[in-house]
Amino acid sequence: MSAHPQLSFDELAGTEEVPLHEVTFVIVDLETTGGDRARDAVTEIGAVKVRGGEVLGEFATLVNPERGIPPSIVAITGITEAMVVDAPRLDSVLPAFLEFCRGSVLVAHNAPFDIGFLRAGCERLGLRWPKPQVVDTVRLARRVLTRDETPNYKLGTLARVLNARTEPVHRALDDARATVDVLHSLLERVGSLGVRTLEDLLEHLPDVTPHQRRKRGLADGLPHAPGVYLFRGPGDEVLYVGTATDLRRRVRQYFTAGERRSRIKEMVALAHRVDHVTCAHPLEAEVRELRLLSAHQPRYNRRSKFPQRAWWIVLTDEPFPRLSIVRTPKQDALGPFVSRQAAAEAVEALQAATSVRRCTERIPARDPRGRPCALYELGRCGAPCAGRQSVAEYEPAVVSIREVIQGRSDAVLDRLRGELDRLSDAQRFEDAAVHRDQLAALVRSLDRGQRLAALTAVPELVAARPDGRGGWHLSVIRHGRLAAAGTARRGVPPMPVVDLLQASAETVLPGAGPLHGTTVDEARVVYRWLTTGGTRLVRTAVPWTEPAGCAGSWRNWLDKAITGHTPYAAID
């Protein structure tokens, strides 16, 4: 092991000029099913952790992509579907990788590809992307090597030109090892040009305009503390809102070559100053960011600016209720859904499992005079519009939907699984795969909604998470909303701090809807914080319980279905 301890991001920021031999780099390479991070998935992650030229550790695993691998990709990587079928999914691999690279500078060859897939995976899984410093060896090589020295900047070519000890073969760990050798060779080259520190290296890379460098002074007054930062334009308007574990370090990154997003470069060019809000810990920063995004709707942010834009499914208030997709939910609503299409697919699944009507006409309780539609002839509707089904006869379908949404019964899910088994037994595997995916999406939506509803139903709970330094991050949560945040540093008794936080916490009155007035985004952020990272409950006004009888009891089935372990699970 090196004599130098690993530096965290906070320590990197605090020292400002960190010698390159003291920086911990994690060189990462991914193999995927294709190049589209919205549709394709990771099949392998390989990474090497180095500092001062010494290898500190390696990380390597195949990943089940939960979809097919095109033959053209198999021909390149040699990774087949049989190799990944029993591999862990990304939801278990990615948290482990983030822990492996915590406090390190990420390095990749063609970094936008690998880092883009990692960030997209975090977004899909609800994980927080740590916003590390990133070095792209392609860009560094273009800065260091001329066309006389190398015909191109592909990894294989650079490995040969720079005499790398490992030959890249389109497998993640071997390619990461080759990139380590390429990085060290390139750092030797830039060392002769006076590049001695991490900051020197980031500034040495291309695409940093003099205007960007001049604006680095906007970060000078910011503290080395967690919080939220706001870039403001010439009219004092908020251009962009973000969070950081270290405000000064994070904002300085916008003025280096590490920032490559064109719209963010445009934002930086417009910015006149950077405001900040110091926070007790990262959860408070995340929540404040969400609230500021909703309040200011900054033009350069792309997410969470409109927290009320989720979709929900409700039963209408009629004698013969039907399922309707709405923006404003009632108490017993199913959701949230990120798109109307996702909600429509859930409606279709619920209609397939019950005889609830699909028509949109308003049917009176007495003397209906409609005509039965084709669904009545197919046995999928009792035709209440034509008086062939009374309110009492129609009620069981409504009750079964209410019960599955509330988590009191899984009879609807059992019926859908029965249909799935029937299709499988009939060897109608394509139909079974479609039905499986529809059922899996419904289970996932029910499970998510029931968990968030259970959290937001609790009037108050106090939780503590270890801060990694012998102290505690403390939060008071009321109806799923962060009402107060504080810290008890190492050596400080935490309970008096808890008492003070509870006494000074924001008053939160429960609102309407299944989340009691809390926004979806805030409830998700708070739930994730409460259920990860060793967080412990300190006090709670009432027991915090989640329904175990409905979607919660289907999680094992869901895991098998989406990883292709059910007999009718066709590969997408």
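Residues are numbered from 1 along each chain as its sequence is written. Because the model is predicted, local features need pLDDT of at least 70 and side-chain atom pairs count only at pLDDT 80 or more, while totals for chains, interfaces and linings use all residues; side-chain values use heavy atoms, with hydrogens and water left out. Helices (H or I, at least four residues) and strands (E, at least two) are DSSP runs, numbered from the N terminus.

- Four bridges join strand S12 (residues 461–466) to S15 in the antiparallel sense, and Leu461 is opposite Thr540 in S15.

- Six of the seven residues of S13 are buried, where buried means under 20% relative accessible area, exposed over 50% and partly exposed in between (1.4 Å probe, protein chains only).
- S12 and S13 pair in the antiparallel sense over six bridges, and Arg465 has His473 in S13 as its bridge partner.
- Five residues separate S12 and S13 in their hairpin, and Gly468 in the turn has a positive phi of about 85°.
- S13 and S14 run antiparallel and are joined by seven bridges; Ser475 has Ala485 in S14 as its bridge partner.
- The hairpin of S13 and S14 has two residues between the strands.

**Aromatic pairs**

- Rings of Phe, Tyr and Trp (its six-membered ring) pair if their centres lie within 6.5 Å; planes under 30 degrees apart count as stacked, over 60 as edge-to-face and the rest as tilted.
- By this rule there are 11 aromatic pairs.
- One of them joins Phe113 and Phe117 in a tilted arrangement, 5.0 Å centre to centre with 55° between the planes.
- Both residues lie in helix H5 (residues 111–125), four residues apart, about one turn of the helix.
- Phe113 is partly exposed, at a relative accessible area of 26%, whereas Phe117 is buried, at 2%.
- Tyr229 and Tyr254 form an edge-to-face pair, because their ring centres are 5.7 Å apart and their planes are at 70°.
- Tyr229 is in strand S6 (residues 227–232) and Tyr254 in the loop between helix H11 (247–253) and helix H12 (262–270), so the pair ties together parts that are 25 residues apart in sequence.

**Charges over rings**

- A charge sits over a ring if NZ of Lys or CZ of Arg is within 6 Å of the ring centre and within 35 degrees of the ring normal.
- Lys49 lies over the face of Phe100, 4.6 Å from the ring centre.
- Arg327 has its charged end over the ring of Trp311, 3.8 Å from the centre.

**Annotated span**

- An unreviewed UniProt entry places the feature "domain: UVR" at residues 410–445; UniProt positions are given in the numbering used here, feature names are shortened, and annotations may be inferred rather than shown by experiment.
- That span, residues 410–445, is 89% helix and 0% strand, and its end C-alpha atoms lie 14 Å apart.

**Backbone geometry**

- Most residues other than glycine have a negative phi, and most peptide bonds are trans.
- The peptide bond from Gly335 to Pro336 is cis, with omega near 5°, and Pro336 lies in strand S11 (residues 334–337).
- His479 is not a glycine but has a positive phi of about 50°; His479 is in the loop between S13 and S14 and is buried, with a relative accessible area of 8%.
- His516, also not a glycine, has a positive phi of about 55°.
- His516 lies in the loop between H19 and helix H20 (520–530) and is buried, with a relative accessible area of 17%.

Notes: Pairing = 2+ DSSP bridges.
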